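Please consider the following structure, taking its helices and its sheet in turn.

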Amino acid sequence: MDQLLSESGMRHHPVTPMTDSNLLRLMEAQAEGRCGLVNASEIDRGATVVQDKLRQLAQQDVRYAVLDALNEQHLLTQGQALKDMKLVTGGSGLAIGLARQWAQPGHSKAQAAGAPQGAKAVVLSGSCSTMTNRQVACYRQQAASHAIDVARCITADDRAAYAGELSAWVQQHADTNALARWCTPPPNRTPCNKSSASMG
């Protein structure tokens with residue numbers, strides 16, 4: 001269903017509430033510096049055009065860029081254009097294009113990393129998005145889970161001891177890929193959730 005970002009579950013995010021559907025304004029409100037746009041029509045013209053636009057924005061002292069993505073081909077083009085950049089952030093869809101590029105011959109780092117080895121792991125979930133909360137609810141039916149007390153994580157005289165407690169809990173559940181989480185759906189959030197998030 002089509003829905004404005006400001007009307008989605010992300011509007012309740014305690015750290016970066018999406019109260020504006022314009023990502024450029026949203027970025028500028030949450031960071032320092034100007035934000036520019038590489039629009040869908042530019043991405044349709046290929047990776048070279050995207051790279052040229054990013055250079056143009058940089059010359060205009062634009063510090064961040066939002067890239068449109070309306071379909072999977074846009075993500076693939078972005079991956080090709082961004083594969084050699086030092087820092088790229090984005091949603092999980094961006095990984096589609098980047099992974100395709102890094103899997104190409106000549107990108108030895110991706111090949112050297114290899115496939116997962118099947119070792120034990122712990123899943124850490126800190127996102128407060130509606131989708132993540134649904135995924136957490138599903139995962140909790142399959143593995144042990146533990147709600148993290150964020151206030152204890154950021155309290156100087158308690159965090160070392162608390163880290164030990166969390167580590168011990170993980171070891172006790174080493175037979176499963178346990179889940180450690182901190183966020184809860186909006187109706188159930190406690191003041192601790194909100195205050196600690198604002199400090200993060």
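Helix α9 spans residues 159-172; its 14 residues reach 20 Å from the first C-alpha to the last, close to the 20 Å expected at 1.5 Å a residue (the expected span being 1.5 Å times one less than the number of residues). The model is predicted: local features need pLDDT of at least 70, side-chain atom pairs count only at pLDDT 80 or more, and totals for chains, interfaces and linings use all residues. Residues are numbered from 1 along each chain as its sequence is written, and side-chain values use heavy atoms, with hydrogens and water left out. Helices (H or I, at least four residues) and strands (E, at least two) are DSSP runs, numbered from the N terminus.

Within α9, the buried residues are Y162, L166 and W169 (buried means under 20% relative accessible area, exposed over 50%, partly exposed in between, with a 1.4 Å probe and protein chains only). Viewed down the helix axis, these buried residues fall within an arc of 60°, so they line one face of α9; the arc is that of the directions from the axis to the C-beta atoms. A160 and Q171, on the other side of α9, are exposed.

The sheet is open, with three strands in the order β3-β5-β4 and parallel pairing; two strands pair if DSSP finds at least two bridges between them. Its edge strands are β3 (123-125) and β4, each pairing on one side only. Three bridges join the parallel strands β3 and β5, and R181 in β5 is the bridge partner of S125.
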